[in-house]
Amino acid sequence: MPDTLPLADPDERPQADVVIWDGRCNFCRGQVERLRKFDTPSRLAYISLHDPRVAERYPDLTHQQLMDQMWVVTHDGRRFGGADAGRYLSRKLPRLWWLAPLLHIPCSMPLWRWLYRQVAERRY
């Protein structure tokens, strides 16, 4: 894609939270590019789930889990997948703070997880 932004690699930003995403999915690519634009403080690094380093560094995440949803692994080792990753990022990135109140409505996570799964299952 000619308009793609370079994505920071986890080796370039060892203190960054790592976004693990499906690098073979065009829809996912577009979403990660959008996320990269929101990451103006440069707090994130990105790696495709198909990169062999993912299996080495995150052996607790199965290939199926990685295919099912995007994951964020924080610099202190916490894991957030799918809608929970979006919720975490809404607090992490100042340009997404407008989204945080919506994602933090009490008892709403089952709905956000369901919506995320619906999109993720149809991404190809």
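Isoleucine 20 stands opposite tryptophan 71 in strand E3. E1 and E3 (residues 71–73) pair in the antiparallel sense over 3 bridges; pairing requires at least two DSSP bridges between two strands. Helices (H or I, at least four residues) and strands (E, at least two) are DSSP runs, numbered from the N terminus. The model is predicted: local features need pLDDT of at least 70, side-chain atom pairs count only at pLDDT 80 or more, and totals for chains, interfaces and linings use all residues. Residues are numbered from 1 along each chain as its sequence is written, and side-chain values use heavy atoms, with hydrogens and water left out.

E1 also pairs with E2, in the parallel sense, over 5 bridges. Valine 18 stands opposite alanine 45 in E2. From E1 the chain crosses through H1 to E2, and this β-α-β crossover is right-handed (clockwise from the first strand over the helix to the second, with the strands pointing away from the viewer). E1 is mostly covered, with 5 of its 5 residues buried (under 20% relative accessible area, 1.4 Å probe, protein chains only). Asp17, Val19 and Trp21 point one way from E1, Val18 and Ile20 the other.

Definitions and conventions
Buried < 20%, exposed > 50% of the residue type's maximum accessible area, 1.4 Å probe, protein only.
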